[in-house]
Structure formats: C-alpha cells, structure tokens
Amino acid sequence: MTDDNHRGGDAGGHERVPGRQRRRFPGISSRAYEHPADRSALVALRKLTGFDTVFKALSGLLPERSLRLLFLSDSVRVSDAQFAHLNTMLRDACYILDLEKVPPMYVNQDPNPNAMCIGLDEPIIVVTTGLVELLDEEEMRAVVGHEVGHALSGHSVYRTILLFLTNLALKVAWIPLGNVAIMAIVTALREWFRKSELSADRAGLLVGQDLRASMRGLMKLAGGNHLHEMNVDAFLEQAEEYEAGGDLRDSVLKILNVLPRTHPFATVRAAELKKWAESRDFQRIMDGHYPRRDEDGDTSVSDSFRQSASSYADDVRHSKDPLMKLVNDIAGGAGDLGGKLRGRFTGQGGGKPGGGTPGDGGTPGNGGAPDDDPK
C-alpha cells in the first residue's frame, strides 16, 4: 500500500489531508478499468499487424516534436524543484498503477481548467494553471490518476491522431469530399474518445480511492470553485434528470449536442463513475482480483467485441432516455408503434386512446445541454 503523509496546509493554498493508506495494483492491465467500448476498440487496434509501424511512420507528419519543444520552452516541467506536490502525485499514481516509466508532466499557463495526455512515442501529461488552482489535493490526485490511466491504456497515441485529424479537417474544409471523409473518421474517433474518458475516470478513482473527491472535481469543472454552493447528490440528480427528461425531440438534441464533443458531459461522467464504484467489478479490483498485463497478449478480439455489444445492449435496456426506451420497446415487439412514436415526440402518453399506460410517454422537460466542458 502507498502512504500519503501530507498534513495541514501549504503556501499555495492547497488543502492537505491526513495521511492514509491506499491500495497498489501490481501488474494491473488497463483492461481492468477500461469501458467495454473503449477496450474493444483498443484490443482490435493492438491486434492489427503492422498497426504500430504505420502510426510510427505517421509521427513524422504529426506535430508531436513541435509540441514537446513548445511545452519544454514555454511551460513549467514538474519535478522535485517545481510543483513538487504535483510531482509527488504523479510518481504516486504511477506506483499505484504500476507504470514503470513516469511520463513527463508540464504545467501550462492557461486560465481554462484542462488536462491532457498526448504523444506517439512517449506520452506527456499537461495540466493548466486553471485546473491546478481550481482543485484541492485529493481532487487533483484523481485528475493525475486519470491522465496516468490514459498513459497506461495507450490512449495518448490515438488522442494525438485525433488532434492531428481535427486540425487537418479545418485545413481541407474547402475540399468538397476531403473534409467529409476526414470528419467521418473524426466523428468515430470522438465516440471512442468519450468512452476513453470514462475509462480514465475509473483509473483516477483507483489512484485516489476517494469517490467523493472524484465527484467534487467533476462538479467543479461544471460549476467552478464554489463548492460551498454545490452539492454532490443534487449534481447527480441533474444527471438522472438529463437522461430521463423530455421526449424524442430532446433525445435527438442530446445526440446532436454530444457529437462534436471529445468529453461526455460532467454530470454524465459523475453518474457513470458512481455506478462503476458501486459495481462488483470495482470491488474485485480493490480486493486484488484483476486482469494482469502479462495476460494482455491472450485477449480475444471477439470476446472484447461481445463484451462491448453486451454493454451497449445493457445500457439500452436500463436507460431512461425516451429514445432508448423506444428502441427497447421495438426490440421487445411492443405494439402500436405509431402511437408510441407520436407519444414520445410530443411528450404525451403512448398507447391507443383510453388504453395508454400512465407514464408511458416521455416526461416533458428541457433537453438543452451545457457548452463543452474544458477537460
């Protein structure tokens, strides 16, 4: 176990908490915490013959070397001499997740709270001053664990590719078909990217081992540094209202709102993380039962895809979203499809006149979504 002995306060105003022991996970595979959709995509990519070679060849086209030089020249590199408390968190996170090579970490002057892990050859972690100033120590520990989770999963490679393709799409926007082809790839990568964020949130929880701190961090990303004005339980209620509220029109708007985003909405991330923290999978990891890295080569692509498909099907079955409920009804052979469609689009009861079930239609409500969160 690792022991955190920081106490009291520091000159920078970061909250210090009493020392406590946290579990370590020797040899843990990233498969232990990866979201099924994220895991299946990664397993398939890793199994492709020559995949690494192709992306290494692309590295000459990507701005990776330029980014490394930029951060080295115009940001502060975390070390024992600079941002020592972040350096301690970084080394601790790598120790807990058993990541042998500690990735370099930089603090970049930017008031927007953000963090990222990028790089093809070797991952680098960047956090902004806005994030460092926003979060207390335990919240920041979860974020550092989040980024180390990206590094352990190999996400930095695909995130760098997405960054490159997004920039490329802007440059070729004037080409009629070129932009369409690139944006199709970008859209698919963004769907994977959003699932990879859920995976990294789980890694952050394994490192911090403090669910409330992870919740607070996500809540601050949504509402700023006014913790005394916010409540975690009320924040989670927002996620439930967002999922269940409205009718089919709101369901369509939710899809359109999330398509251009690289990150899921903050309330959704909080709800997903809480659900995983209460699952048997999480408890098994905490008890020391988890997939090992030395077993990764035996992972079946088909098994991973089946798990991913099962996860999506389970989401549809248990979702309270009007569109997902309709999909579930259709799959279950529900009758009066026309009536249900009318009801779900208008927010009214779905069945035949006089025969509808109370509450069958969607609940009227706002389908609006907040602007893209920075992290």
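# Reading a predicted protein model

Guide: The protein exposes about 18700 Å², of which carbon and sulfur atoms supply 55%; accessible areas come from the Shrake-Rupley method with a 1.4 Å probe, and for residues only the protein chains shown count as cover. This is a predicted model, in which local features need pLDDT of at least 70 and side-chain atom pairs count only at pLDDT 80 or more, while totals for chains, interfaces and linings use all residues. Residues are numbered from 1 along each chain as its sequence is written, and side-chain values use heavy atoms, with hydrogens and water left out.

Visitor: How many helices and strands does the secondary structure come to?

Guide: Helices (H or I, at least four residues) and strands (E, at least two) are DSSP runs, numbered from the N terminus. The protein has 16 helices and six strands.

Visitor: How are two packed helices described?

Guide: By the angle between their axes and the distance between the axes. Axes are lines fitted to C-alpha atoms, for helices over the stretch in contact, and angles run from 0 to 180 degrees between N-to-C directions. Here helix α6 (residues 137-153) packs against helix α9 (residues 211-223) at about 85°, with the axes 8 Å apart. The two are therefore roughly perpendicular to each other; angles under 35 degrees count as roughly parallel, over 145 as roughly antiparallel, 65 to 115 as roughly perpendicular and the rest as oblique.

Visitor: Which residues of α6 and α9 make the contact?

Guide: Contact means heavy atoms within 4.5 Å. From α6 come E138, E139 and A142, and from α9 come A213, S214, R216, G217 and K220.

Visitor: What share of the residues is buried?

Guide: Buried means under 20% relative accessible area, exposed over 50%, and partly exposed in between (1.4 Å probe, protein chains only). Of the 375 residues in the protein, 46% are buried.

Visitor: Is T128 buried or exposed, and where is T128 found?

Guide: T128 sits in strand β6 (residues 124-128), and its relative accessibility of 6% makes it count as buried. A polar atom of the T128 side chain lies 2.6 Å from the backbone oxygen of N112. Leaving aside neighbours within four places in sequence, T128 is in contact with N108, D110, N112, P113 and N114.

Visitor: Where is L99 found, and which residues does L99 touch?

Guide: L99 belongs to the loop between α4 (84-96) and β4 (105-108) and is buried, with a relative accessible area of 17%. Not counting residues up to four places away in sequence, L99 touches C94, V148, A151 and L152. L99 and V148 are 49 residues apart in sequence, yet 8.1 Å apart in space, C-alpha to C-alpha.

How values were computed:
A polar contact is a pair of N or O atoms within 3.5 Å; within protein, one must be able to donate a hydrogen and the other to accept it, and residues adjacent in sequence count only if both atoms are side-chain atoms.
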